[in-house]
Amino acid sequence: MNVNYVMIPEVAARYALEPQTVRRLCEEHRIEGAVRFGRTWAIPDNVTFEQLRTALRQDPPQ
C-alpha cells in the first residue's frame with residue numbers, strides 16, 4: 001500500500017490548527033502513522049479532522 005505524506009504546515013492549514021499543536025501531537029505519538037525524518041515530521045495525507053480532534057482530547061501516552 002502506497003501512502004502519501006504531508007508536512008505539518010499543510011495539515012495545520014487544512015484543519016485551521018496551529019503548526020505547534022500538530023507538531024506536539026506528532027511528538028507525543030498521537031497521530032497514527034506520523035513519521036519523523038530528521039527534524040521534519042511526515043503525516044499521512046489521509047489523516048482526518050476527526051482523528052486529530054480525538055488525538056487532542058486524549059491524554060498523551062506516559
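**Surface.** I began with the accessible surface: the protein exposes about 4,500 Å², and carbon and sulfur atoms supply 49% of that area. I note here that the model is a predicted one.

**Burial.** I then looked up how many residues are covered. Of the 62 residues, 32% count as buried, where buried means under 20% relative accessible area.

**Overall build.** I found 3 helices and 3 strands in the protein. Reading along the sequence, I recorded the pattern β-α-α-β-β-α.

**Contacts.** I turned to contacts between residues at least 6 apart in sequence; 59% of them join residues at least 24 apart.

**The sheet.** In which order do the 3 strands of the open sheet stand? I read the order as β1-β3-β2, with antiparallel pairing. Strands β1 (5-7) and β2 (35-37) are at the edges and have a single partner strand each, so one side of each lacks a neighbour in the sheet.

**The β1 and β3 pair.** I examined this pairing in detail. Strand β3 covers residues 40-44 and runs antiparallel to β1, and 3 bridges join the two. Which residue of β3 is the bridge partner of methionine 7? I identified alanine 42 in that place.

Technical notes: Residues are numbered from 1 along each chain as its sequence is written. This is a predicted model: local features need pLDDT of at least 70, side-chain atom pairs count only at pLDDT 80 or more; totals for chains, interfaces and linings use all residues. Side-chain values use heavy atoms; hydrogens and water are left out. Two strands pair if DSSP finds at least two bridges between them. Helices (H or I, at least four residues) and strands (E, at least two) are DSSP runs, numbered from the N terminus. Buried means under 20% relative accessible area, exposed over 50%, partly exposed in between (1.4 Å probe, protein chains only). Contact means heavy atoms within 4.5 Å. Accessible areas come from the Shrake-Rupley method with a 1.4 Å probe; for residues, only the protein chains shown count as cover.
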